[in-house]
Amino acid sequence: MSIKEKPAAAETNNLMNGAEYLASLNDGREIWFRGERVDKVSEHPAFRNAARSIARLYDALHEPEFHGQLTGVDKSGMLTHAFFKPAYSADDLRAARDAIAVWQRFAYGWMGRTPDYKAAFMAQLAEGHQFYGDYADNAFAWYTKCASRCLFMNHVLIDPPVDRNRPRVDVRDQYVSVEKDDDRGIYVSGAKMVATGSALTHTTFVGLNSGTAARMETGRDEDMALVFFIDMDAPGVKLISRSSYEFDAHSPFDAPLASRFDENDAVMVFENALVPWENVLIYRDVERSKGFYADSGFFNRFNLQSCVRLTIKLEFCIGLLLKGVEATGTGDFRGVQTQIGELVAMRDTLWSFTTAMVSEPEQGIGNSVVPKLQTAAAARLYMTNAWHRVREIFECVLAGAPTYTISGVEDLRQPALSNTLERYYRGTGLEAQERIKLFKLIWDAMYSEFAGRHALYERNYSGNQDQQRLDPLRWSQIRGDADRYRSLVDECLADYDADGWVAKHLL
Ligand SMILES: Cc1cc2nc3c(=O)[nH]c(=O)nc-3n(C[C@H](O)[C@H](O)[C@H](O)COP(=O)(O)OP(=O)(O)OC[C@H]3O[C@@H](n4cnc5c(N)ncnc54)[C@H](O)[C@@H]3O)c2cc1C
């Protein structure tokens, strides 16, 4: 089976809008927050504005202003977001890159797991479903289901952070494994970390990343060699939410990012949860479990999405810093300018990575093309080590200025304080309220709890730092790059010997 070529019929459009998306979240899913089970996700103060930020993306899919920038049709004539369908050329990848950027600008780069993140994997099921053998039809059906609605999928790949020194099979009490199967499906128990945005999604993709799969052995780990989808309202699936920065936000004025972009991370627990057969992609197959991550093209593609997202986030930060130094009167100092210039160059490096990823793709699964593996791996490592430098620049350039603030928006409404605030809180060329507003935004971006979680996210969301270095080395060996590098040195060594130059052009 493959995508059926578009018949003469007109394109089909079943894309969700924002209202449908919000309604779809209230399906009885089991989410625990501060000792209580969440009733309606879309109305709960821990999640409601993050949900609305996602709903805004769904509405944009239908707005004429973005038509052509955000969407495209797949081979069957189905209208979808441009990154939710496979790419067959550099032009397709470029269109997808630009569509990712349109969505990211709505959140100023501050939501890592918008629905296009997991589209990096889902789109590849169209061309790559055969990889899943007996479950190939499931894979293809999930492509269609996801692309037709632009479903919001989260994913969990990582085992709980315990007993990493033992074989996975010895940690059955915690790591996800199969309990039994019957004619309805498979029954799984265990926990996974951390399901970013899961409360706001439709379905979870459960799998393994390269580090986890590397620890598995055929003949030993079959019970854990599983890849499947599970709906958020499936009985036996529990989300244990972390604290919510949206819930804790005092007001939009005090926490302008946290109060709308907190894509809550959660621990996902499966307690004898039923996974219907049609949701299974890999069952008790260690080799396929090890292979799907690299072979699917997910790695190549999620780094494109992430790189576009981080570029937009840096654009936002450059603007933030420019306005911050203007407000403190330091913008003309050479040392300050050098640091802002560094940020600009970092942003341009990130965008150049995306250009390289779309312009020089490699053959993907089936007839698809995907960003080149080596470029994606290099971008990943650059990205996960870039954010701490951004924060460092803010710390040095704005120094203590963000702490020169007020405890809450109420102070601005307090007549007894108005003259004092007006006089002592003004910025350079900026009235007090505007200066306070700007630096509250800077605080939320760089120093709040929301910001701290972002720093942890940027460093770790795509695997641990060791793995991010081991992968490029391994791939350079598999793909022959390492041999090329060795032979370059061999050529150099052959230029001379103990008697002098061997190379003919040297004296
Ligand atoms: C905010 C946030 C959101 C995230 N969202 C998601 C998500 O939605 N879905 C998802 O799947 N993941 C997500 N992740 C990533 C994931 O949960 C892990 O944090 C990430 O993959 C790093 O793995 P780890 O924390 O288990 O670190 P570990 O794998 O425990 O590694 C930590 C360090 O321990 C050492 N180490 C570990 N194992 C070995 C070994 N076998 N041999 C030698 N040394 C070793 C290394 O020095 C390594 O750098 C998220 C992470 C964060 C921080």
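Modeller: Two strands count as paired if DSSP finds at least two bridges between them. Strands (E, at least two residues) and helices (H or I, at least four) are DSSP runs, numbered from the N terminus.

Biologist: Which residue is the bridge partner of Phe205 in β9?

Modeller: Phe229 is the bridge partner of Phe205. The model is predicted: local features need pLDDT of at least 70, side-chain atom pairs count only at pLDDT 80 or more, and totals for chains, interfaces and linings use all residues. Residues are numbered from 1 along each chain as its sequence is written.

Biologist: In which sense do β8 and β9 pair, and over how many bridges?

Modeller: Strand β8 (residues 203–206) pairs with strand β9 (residues 226–231) in the antiparallel sense, over 4 bridges. Both belong to an open sheet of 4 strands with mixed pairing, in the order β5-β8-β9-β12.

Biologist: Why is one side of β5 and of β12 left without a neighbour in the sheet?

Modeller: β5 and β12 (280–283) are at the edges and have a single partner strand each, so one side of each lacks a neighbour in the sheet.

Biologist: Turning to the ligand, which residues come nearest?

Modeller: Leu157, Thr196, Tyr457, Asn460 and Asn464 come nearest, out of 22 residues around the ligand (C-beta atom, placed from the backbone, within 6 Å).

Biologist: Which element supplies the largest share of that shell?

Modeller: α17 does, with 4 residues. β5 (153–156), α17 (449–460) and α18 (465–478) each supply at least two.

Biologist: What follows just after α18?

Modeller: Gly480, which takes a positive phi of about 90 degrees.
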